[in-house]
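Please open the structure in your viewer and keep the selection panel at hand.

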Amino acid sequence: MIFTYNYILTIMNIEKYLAQKKQLVDKALQTYFCNSNPLFEIMYYSLDRGKRIRPILAIASYEANGGKDINKIMGIACGLELIHTYSLIHDDLPAMDNDDFRRGKESAHRKFGEAVAVLSGDGLFAYAFELFTETNSQLPERFRIIKEISEVVGPKGIVYGQILDIQNHKPINPKLLRQIHLNKTAKFIALSIRVGAILAQAPDAVIRILHQAGLYLGVLFQYTDDILDVIGKKEKLGKTPQKDMNQDKLTAPRVYGLAGARFRAQKYALLAKERFGRLGNSFAIFSDITDFILHRTF
Ligand code: GRG
């Protein structure tokens, strides 16, 4: 692929943007985890070093929708990262994906044993709800946000996606692949964008467009995850590559081949950008984030 000068500039700017926002999220997480109870240190071990894509999407959406005080969205943004991390801890367990390596270090069950890993996931999940309710300002919006989060992180979303993912699928089935991608990943990505918009009191028409764009972005995110499982490097990914391939998982490259998966990833990027584009210039950051996700190497 040939990259133009403007394209390289966009990627450099978006990397800077993501790094700045990640720094803010990491700082807030450190504050939430400053607690003498040793379980907080154990939970923080797994929380440390993530890309923070979901909290960043929530913050970007809050700001694009006119939200002025980033502190108001921080508890919600960080809570999403806690739930995401819990899902990674449980996903890595021997009973599920059985992976010893996560975020560039030993996964939680390798470091602390299975029982403590399960409990640290449970702790993160519950503590997230404490962060969602850390203040009683904007109660109607917070109630709606918590309701939407509950729907996506439960049996109608990531838990269902995980059930589908761990089953052995033969023969290959494109419709099932779509169900896995939607439930395991895309609904959570779309949710992250929606919560920022809801807290900023965006009109429902805008939230609907963001939801659809978020689903496309989320499917794209899982396509690039599936592609990186085939071509990614362990040091860069911070997790074990070729894991899905060796476990015969239903992934985009398995269904469409590597070239087909790359082609379809580009299609989803275009679909996402077209939807974000409908919302005007204040949402331009989402187009850049989409390009970043399309070309990500980790
Ligand atoms: C409910 C028991 C129980 C388990 C839930 C849903 C689930 C387990 C696990 C899903 C984990 C998973 C592999 C989801 C796919 C989404 C995905 C691509 C995760 C990786 O996200 P990144 O790349 O990771 O944002 P970092 O480490 O940067 O946060």
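**The ligand and its surroundings**

Select His-84 first: an N or O atom in the side chain of His-84 is 2.8 Å from an oxygen atom of the ligand. The model is predicted, so local features need pLDDT of at least 70 and side-chain atom pairs pLDDT 80 or more, while totals for chains, interfaces and linings use all residues. Residues are numbered from 1 along each chain as its sequence is written, and side-chain values use heavy atoms, without hydrogens and water.

The protein buries 90% of the 740 Å² that the ligand exposes when taken alone (Shrake-Rupley method, 1.4 Å probe).

**The cavities**

Now select Tyr-45, Thr-85 and Arg-103, which are among the residues lining the largest cavity. Its volume is about 70 Å³. H4 provides the largest share of this lining, four residues.

Finally, move to Asp-165, His-181 and Asp-244, which are among the residues lining the second largest cavity. That cavity has a volume of about 40 Å³, and H9 gives the most to its lining, with three residues.

A cavity here is a set of points on a 1 Å grid over the protein atoms alone where a 1.4 Å probe fits but cannot get out; lining residues have an atom within 4 Å of a point. Volume is the space filled by probe spheres set on the points, which are joined across faces, edges and corners.

Terms used. Polar contact = N/O pair within 3.5 Å; in protein donor to acceptor, adjacent residues only side chain to side chain. 1 Å grid on protein atoms, 1.4 Å probe; cavity = no way out; pocket = protein on both sides within 12 Å on 5 of 7 lines; lining within 4 Å. Helix = DSSP H or I, 4+ residues; strand = E, 2+ residues; numbered from the N terminus.
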